[in-house]
Every structure is written in structure tokens, then in C-alpha cells.
Amino acid sequence: MILVTTDYISGKELQMLGLVKGSTIQSKNIGRDITQGLKTLVGGELKAYTDMMNDARALATKRMAEEAAAMGADAVVNIRYASAAVMQGAAEVMAYGTAVKFA
């Protein structure tokens with residue numbers, strides 16, 4: 001499965017199949033929330049949250065690619081990511097794009 005952020009793939013003629021998406025909602029446990037909250041007092045990267053968001057993007061991307069594969073797609077073009085807080089300490093990450101088949 002080819003995944004790109006562009007709306008084309010060089011050298012390929014594309015047949016559009018439709019929108020595909022994947023999402024997940026992630027949260028950290030209370031212990032990590034406390035330690036990361038303390039980190040905000042001194043500044044610097046909140047590594048636990050960075051790792052959480054990286055894992056969430058990877059899972060959302062995997063789910064999007066699985067949906068595209070189920071449609072018979074060869075690739076997903078024009079991939080975008082969105083995130084939103086759904087409650088304190090929890091965030092939704094969504095990956096979406098257009099499933100395509102090579103003509």
C-alpha cells in the first residue's frame with residue numbers, strides 16, 4: 001500500500017475509489033499525567049505525550065490503510081491528519097485520504 005500526502009503518484013494513472021479514514025482516541029494514565037504536569041513547571045518536551053501521539057497517528061494510519069485495502073485500493077493519496085481533545089487527558093487522532101486504484 002502506497003501512502004502519500006500528494007494528490008498524485010508520479011507515473012501512475014489513478015482511479016478514485018473514495019474516502020478512507022482511521023481514528024483512535026488515546027489517553028495516558030493518571031501517574032503519567034501527574035509527572036507530565038510537573039514537567040510543565042520547568043519546561044521542555046512532554047515525551048510521554050509525544051510518544052502517545054506518535055502511537056495514535058501510527059494506529060490511525062494503519063486503520064485507514066486497512067480500510068483502503070478492503071476496498072481493493074493500491075494506494076491512498078492526499079493523506080491528512082487531524083486531532084482534537086475529546087476530554088481532559090484524551091485526544092482523538094484521525095487520518096484520512098482518498099483510496100485509489102492504479103488504472
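**Exercise 1.** In this predicted model, find which residue of β4 stands opposite Arg-80, and state how the strands β3 and β4 run and how many bridges join them.

*Solution.*
Step 1. Opposite Arg-80 stands Tyr-96 of β4.
Step 2. Strand β3 spans residues 75–87, and its run relative to β4 is antiparallel.
Step 3. Ten bridges join β3 to β4.
Step 4. Between the two strands of this hairpin lie two residues. In the hairpin, Gly-89 has a positive phi near 85 degrees.

**Exercise 2.** Identify the bridge partner of Val-20 in β4, and describe the pairing of β2 with β4.

*Solution.*
Step 1. Val-20 has Gly-97 as its bridge partner in β4.
Step 2. Strand β2 covers residues 14–27 and strand β4 covers residues 90–102.
Step 3. These strands run antiparallel and are joined by 13 bridges.

**Exercise 3.** Is Met-87 buried or exposed, and which residues make a nonpolar surface patch with Met-87?

*Solution.*
Step 1. Met-87 belongs to strand β3.
Step 2. The relative accessibility of Met-87 is 58%. The cut-off for exposed is over 50%, so Met-87 counts as exposed.
Step 3. Ile-25 and Val-86 make the patch together with Met-87. The nonpolar patch has an area of about 310 Å².

**Exercise 4.** State where in the protein chain confidence is lowest and where it is highest.

*Solution.*
Step 1. For the protein chain, the mean pLDDT is 88, and 84% of the residues reach 70 or more.
Step 2. Confidence is lowest in helix α1, residues 30–42, with a mean of 57.
Step 3. Confidence is highest in strand β1, residues 2–3, at 98.

How values were computed
Residues are numbered from 1 along each chain as its sequence is written. This is a predicted model: local features need pLDDT of at least 70, side-chain atom pairs count only at pLDDT 80 or more; totals for chains, interfaces and linings use all residues. Side-chain values use heavy atoms; hydrogens and water are left out. Two strands pair if DSSP finds at least two bridges between them. Helices (H or I, at least four residues) and strands (E, at least two) are DSSP runs, numbered from the N terminus. Patches are made of residues with over 30% relative accessible area and no salt bridge: like charges are joined within 9 Å, nonpolar side chains (Val, Leu, Ile, Met, Phe, Trp, Tyr) within 5 Å. Accessible areas come from the Shrake-Rupley method with a 1.4 Å probe; for residues, only the protein chains shown count as cover. A salt bridge is a side-chain nitrogen of Lys or Arg within 4 Å of a carboxyl oxygen of Asp or Glu. Buried means under 20% relative accessible area, exposed over 50%, partly exposed in between (1.4 Å probe, protein chains only). pLDDT is the predictor's confidence in each residue, from 0 to 100.
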